[in-house]
Amino acid sequence: MVAETDGYKDYDDIEVTLNPSVIEMIYPNPSTSEIQIDYKLNGVDSAYLMIIGQYETNGESNNYILEPDSAQTVINISNYLQGFYTIALVCDGTIVDVKTLLKN
């Protein structure tokens, strides 16, 4: 970078990192039967979605394995009770993103 006022040059190191893996979108939300989850996985060996029951549910938890080279999945939630659910994206054994789903 060269300053316009005095003409001096300045240098700095820049570190570039990949954006973390994320759940991009859950739709429709709220839903009654099926949801589509769009996600982005960056440099992971394994990934899955955990759906965990919260308010007004029985608190059950289900896991859905994701393909690392895919970007979306469809999950049938028609057998889930009405209420709020937490959807967690787990990559290489670590929860990296969490979203909320309302099941009608």
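Here are some questions and answers on the strands and side chains of this predicted model.

Residues count from 1 along each chain as its sequence is written, and local features need pLDDT of at least 70, side-chain atom pairs pLDDT 80 or more, while totals for chains, interfaces and linings use all residues. Side-chain values rest on heavy atoms, with hydrogens and water left out.

Q: In what order do the three strands of the open sheet stand?
A: Strands here are DSSP runs of E, at least two residues long, numbered from the N terminus. Two of them pair if DSSP finds at least two bridges between them. The pairing in this sheet is antiparallel, and the order is E1-E2-E5.

Q: Why is one side of E1 and of E5 left without a neighbour in the sheet?
A: Look at strand E1 (22–27) and strand E5 (72–76). One side of each is left without a neighbour because both stand at the edges, each with a single partner strand.

Q: By what angle are neighbouring strands of the E1-E2-E5 sheet turned against each other on average?
A: Axes are lines fitted to C-alpha atoms, and angles run from 0 to 180 degrees between N-to-C directions. With direction ignored, the average for this sheet is 25°.

Q: Which residue in E5 stands opposite glutamine 36?
A: Glutamine 36 is found in strand E2. Five bridges join E2 (residues 34–40) to E5, and the two run antiparallel. Opposite glutamine 36 stands valine 74.

Q: Which side chain joins that of glutamine 36 in a polar contact of 2.7 Å?
A: A polar contact is a pair of N or O atoms within 3.5 Å; within protein, one must be able to donate a hydrogen and the other to accept it, and residues adjacent in sequence count only if both atoms are side-chain atoms. Glutamine 36 makes one with the side chain of aspartate 38, at 3.0 Å. The 2.7 Å contact is with tyrosine 27.

Q: What kind of aromatic pair do tyrosine 80 and tyrosine 85 form?
A: Rings of Phe, Tyr and Trp (its six-membered ring) pair if their centres lie within 6.5 Å; planes under 30 degrees apart are stacked, over 60 edge-to-face, the rest tilted. The count comes to one aromatic pair. These rings sit 5.2 Å centre to centre with 75° between the planes, which makes the pair edge-to-face.

Q: Are tyrosine 80 and tyrosine 85 buried or exposed?
A: The cut-offs are under 20% relative accessible area for buried and over 50% for exposed, with partly exposed in between (1.4 Å probe, protein chains only). Tyrosine 80 and tyrosine 85 are both buried.

Technical notes: Helices (H or I, at least four residues) and strands (E, at least two) are DSSP runs, numbered from the N terminus.
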